[in-house]
Amino acid sequence: MILAVLYVLLPLFDVLCYAEENLRAGATRLDCVRASEQCLKEQACSTKYRTMRQCVAGGKESNFSMVAGLEAKDECRSAVDALKQSPLYNCRCKRGMKKEKNCLRIYWGIYQTLQGNDFLEDSPYEPVNSRLSDIFRLAPIIGEPAVARENNCLNAAKACNLNDTCKKYRSAYISPCTSRVSTAEVCNKRKCHKALRQFFDKVPPKHSYGMLFCSCPLSDQTACSERRRQTIVPVCSYEEKQKPNCLELQASCKTNYICRSRLADFFVNCQPEPRSLSGCLKENYADCLLSYSGLIGTVMTPNYLRSPKISVSPYCDCSNSVFHREHLPPSVFGLHHHLREICDSLVAK
């Protein structure tokens, strides 16, 4: 019944998405690197920008309580207010861009100062336009397992090898993710993570999603689902010698500009809503899939668990925490809940 409704509605959504794409195209914001360069060329903006950076460096707090003297505090507030009128205020970054880390560093320096908090409430990334009908084609796992009549995960791997871009970037991450560094280290995790991020940033979703979200037939669930689980070489990119605490893992993530940004993007785009058509609160299923894949290659990397039911999770738990899981706010343990609810909505469709 749901699929029948989708076949009727998808053409309409295509029209709406096309109109939205045109609107977005006319309102593209500067990326933070270009906005910073533009600001530094203008004397008034440059002066205020340098003042704000000095305030942040000296105070390390959004209210500048550590900056000596009322006069200095007023100067800091004045600089912040002035920057709200500059291109820096609404700048964003593009995932996988050439100077992504530098762009994100500029964004978070401004965001935390202007917002006055350390919460991950907004995404630093520019929205990516996607046609809704493509999402159901590119993420076949949303189909019922019975619909799959062959090992689509194997087929996706074969298709990747026939595509030059996919083959290039897949080989680029397989090498560091499977090369043992020493008797104690199974791989260079940093290089593995970087190569995985490049794979999902550079390879067309037709191939990357085909491998990550491939569906399996009931007759071959075990082998097929294990191939899907092995897509990101979990022994290197996912697993640790000891399962870390989720609170500590998130704290570690927030100290890295790329991980912090990918996690914020996930929280923004993957808020679940079971009553919506897509399963997402903002009806932005495409953005959620992109945000999910964006987490791969960070310390918050999610992956499929060995389980009869499709289930995904980051590699952490709260067994060593002074807090119990049910007492944690969504922002702390939200990734577990988001991933599980999203997966449940995928399987339910």
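Author: Contact means heavy atoms within 4.5 Å. This is a predicted model, where local features need pLDDT of at least 70, side-chain atom pairs count only at pLDDT 80 or more, and totals for chains, interfaces and linings use all residues. Residues are numbered from 1 along each chain as its sequence is written, and side-chain values use heavy atoms, without hydrogens and water.

Reader: Which helix holds C45?

Author: Helices here are DSSP runs (H or I, at least four residues), numbered from the N terminus. Look at residues 43–59: C45 is found there, in helix 3.

Reader: Is C45 buried or exposed?

Author: Buried means under 20% relative accessible area, exposed over 50%, partly exposed in between (1.4 Å probe, protein chains only). C45 has 10% relative accessibility, so C45 counts as buried.

Reader: Which residues does C45 contact, leaving aside neighbours within four places in sequence?

Author: Take L83 to begin with, 38 residues from C45 along the chain. The C-alpha atoms of C45 and L83 are separated by 7.1 Å. With those neighbours set aside, C45 is in contact with C39, L83 and S86.

Reader: Where is K241?

Author: Find helix 12 (234–237) and helix 13 (246–253). K241 belongs to the loop between helix 12 and helix 13.

Reader: Is K241 buried or exposed?

Author: The relative accessible area of K241 is 70%. K241 is therefore exposed.

Reader: How are helix 7 and helix 10 oriented to each other?

Author: Helix 7 (residues 152–162) and helix 10 (residues 205–212) pack at an angle of about 150°, with their axes 8 Å apart. A156, A157, A159 and C160 of helix 7 meet H207, G210 and M211 of helix 10. Angles over 145 degrees count as roughly antiparallel, under 35 as roughly parallel, 65 to 115 as roughly perpendicular and the rest as oblique. So helix 7 and helix 10 are roughly antiparallel.

Reader: And how are helix 7 and helix 8 oriented to each other?

Author: The axes of helix 7 and helix 8 (residues 164–178) come within 5 Å and cross at roughly 105°. In helix 7 the contact is made by A157, C160, N161 and L162, and in helix 8 by D164, C166, K167 and R170. Helix 7 and helix 8 are therefore roughly perpendicular.

Conventions: Helix = DSSP H or I, 4+ residues; strand = E, 2+ residues; numbered from the N terminus. Axes fitted to C-alpha atoms, helices over the stretch in contact; angles between N-to-C directions.
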